[in-house]
Amino acid sequence: MPELPFPLPTVQQVIFSMVAALTVFGALVVVLAPNLFHSALGLVAAFFGVASVYIIAEAEFIGVSQVLIYVGAISTLITFAIMLTRGMMFGATSPRNRQWGTAAIITSLTFLVLVAIVSSVPWPAVGEPISQGHEIIAGLGRAFVNEYVIPFLLLAMLLLVALAGAIVLARDYK
Amino acid sequence: MDWFELIVIPTIRSLVLIVVLLTGFAYLTWYERKLLARFHVRYGPNRAGPFGLLQPVADAVKAVFKEEVIPNHVDKAVYLLAPALALIPALIIWAVIPIGKGFPAVADVPIGFLWILAVAGIESYGVILAGWSSNNNYSLLGALRSSAQMISYELPLGLFLISILLLAGDFSLVNLVEAPRAWWEWIWLWIMFPLFFICILAETNRSPFDLPETENELVAGFQTEYGGIKFALFFMAEYINMITTSAIMATLFFGGYRLPFGIGGEIMPWLGPFILAGKVVVLLFLFIWVRASLGRPRYDQLMRFSWKTLLPISLGYMIITALLVVFFK
């Protein structure tokens with residue numbers, strides 16, 4: 001292929017821009033939409049965008065897990081809950097209350113701090129792609145049951161407690 | 001170079017796949033109507049073309065030329081998005097299904113298994129969006145039923161998939177098909193197949209679990225406000241889901257694109273897609289057979305069956321599978 005006078009954007013760059021636009025759009029819908037159900041759908045779009053970013057970064061496992069857990073389970077439950085609460089369903093609820101100005105200032109400051117931190121840290125760059133996806137998953141699994149077994153078990157305990165708590169809360173005391 | 005490899009080739013492969021699937025969908029409707037007619041001792045479609053073979057074409061033309069009606073009271077953006085979102089998961093799952101030796105459908109990713117689980121998780125969105133945006137109580141009830149049903153049956157489905165994963169020891173579907181299995185593994189898998197098939201029936205909203213669209217109580221459920229090509233898209237999603245899940249079951253339980261006992265596979269690799277298609281047709285017959293034979297359960301029976309029967313069984317099955325893998329493999 002002959003050299004071009006200007007660098008063409010690579011496929012990854014183009015796809016990344018599209019995905020980033022989708023993510024930002026979804027996030028904006030979450031906070032700006034007057035209808036709660038639209039906000040939930042915006043959340044789904046944002047989750048999808050984040051998952052795609054993981055996949056572009058060749059972390060397919062994390063990306064697909066993101067879709068599985070956040071889009072497939074959590075967001076479905078959110079939409080489900082909204083559909084069960086009739087008042088919130090069709091009426092327009094205002095996304096702003098008295099504190100929106102304060103919240104805007106705090107979030108933009110947090111954003112600036114995050115940008116400053118991310119751009120100042122010298123991130124270690126990986127020279128070559130990690131060979132096999134299979135190896136990554138196997139490595140993750142091994143790490144869970146060896147070095148990180150205590151945090152893993154604690155997390156499992158936490159989830160179990162949350163599950164039991166949800167059942168206790170939802171039980172119908174006669 | 002990059003563009004060619006990353007965009008053009010996958011696009012062509014996807015287009016071929018989509019055309020094949022859409023044709024498959026069209027003739028699946030014919031297949032189902034013919035078979036149902038046979039079960040009912042009728043003739044079925046027999047006017048358009050020989051054996052009614054042109055009937056799907058006539059139906060497609062009719063759906064396309066119907067007037068686009070968008071009711072006034074719907075949430076327009078979501079209403080239009082829903083049919084597309086119903087169809088997309090059914091198609092993108094094919095990205096990881098291996099259709100033959102040497103040509104995996106679109107991508108042989110190392111996480112094929114997870115991909116199937118993830119896409120199964122997002123399948124309910126089309127129905128939920130349709131039901132909500134229609135602004136109609138029947139539609140809403142249908143959508144609520146559908147999402148509750150899909151969440152409930154996804155659990156045992158996921159646990160069964162994890163058991164298969166434990167047996168295979170690999171996330172890649174190509175490796176799953178290629179790897180040799182011991183005889184007890186096959187038998188252990190096939191014991192589970194009927195239960196897995198029940199979960200699949202519930203996931204695809206097929207009869208007898210078609211409670212989101214029960215015509216005798218909910219008009220047409222979430223599809224009530226849809227007509228013309230938009231209705232056809234929902235219809236398409238359901239039928240392509242049938243084809244897709246059949247292909248998944250063929251891959252997981254029946255050796256995918258390979259013939260039993262390793263006949264012919266090495267000599268004629270191009271036979272792969274045809275063998276897979278054959279297995280899919282047999283499994284589709286199963287779907288239609290069930291539809292013709294069984295009545296619809298009540299909604300509470302459906303939920304109780306999932307939570308009190310299938311879930312414990314699938315948990316037990318998973319534990320036993322793990323023990324089997326530890327001690328025999």
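A salt bridge here is a side-chain nitrogen of Lys or Arg within 4 Å of a carboxyl oxygen of Asp or Glu. You're looking at a predicted model, where local features need pLDDT of at least 70 and side-chain atom pairs pLDDT 80 or more, while totals for chains, interfaces and linings use all residues. Residues count from 1 along each chain as written, chains are lettered from A in written order, and side-chain values use heavy atoms, leaving out hydrogens and water.

Start by selecting Glu32(B) and Arg291(B): their side chains meet in a salt bridge, 2.9 Å from N to O. Glu32(B) sits in helix α1 of chain B and Arg291(B) in helix α11 (residues 272-293) of chain B, so this pair ties together parts 259 residues apart in sequence. Over all chains, the structure holds four salt bridges.

Stay on helix α1 (residues 2-39) of chain B, which gives the most to a nonpolar surface patch, with six residues. Select Ile15(A), Ile7(B), Val8(B), Ile9(B), Ile12(B), Val16(B) and Val20(B) to see that patch, with about 520 Å² of accessible area together.

Next, pick α4 (residues 112-122) and α6 (residues 137-168) of chain B: these helices pack at about 175°, axes 11 Å apart. That makes α4(B) roughly antiparallel to α6(B) (the term covers angles over 145 degrees). For the contact (heavy atoms within 4.5 Å), show residues including Phe113(B) and Ile116(B) in α4(B), and Leu161(B) and Ile164(B) in α6(B). By class, this contact has seven nonpolar, two polar and one charged residues.

Notes:
Axes are lines fitted to C-alpha atoms, for helices over the stretch in contact, and angles run from 0 to 180 degrees between N-to-C directions. Helices (H or I, at least four residues) and strands (E, at least two) are DSSP runs, numbered from the N terminus. Angles under 35 degrees count as roughly parallel, over 145 as roughly antiparallel, 65 to 115 as roughly perpendicular and the rest as oblique. Ala, Val, Leu, Ile, Met, Phe, Trp, Tyr, Cys and Pro count as nonpolar, Asp, Glu, Lys and Arg as charged, and the others, Gly among them, as polar. Patches are made of residues with over 30% relative accessible area and no salt bridge: like charges are joined within 9 Å, nonpolar side chains (Val, Leu, Ile, Met, Phe, Trp, Tyr) within 5 Å. Accessible areas come from the Shrake-Rupley method with a 1.4 Å probe; for residues, only the protein chains shown count as cover.
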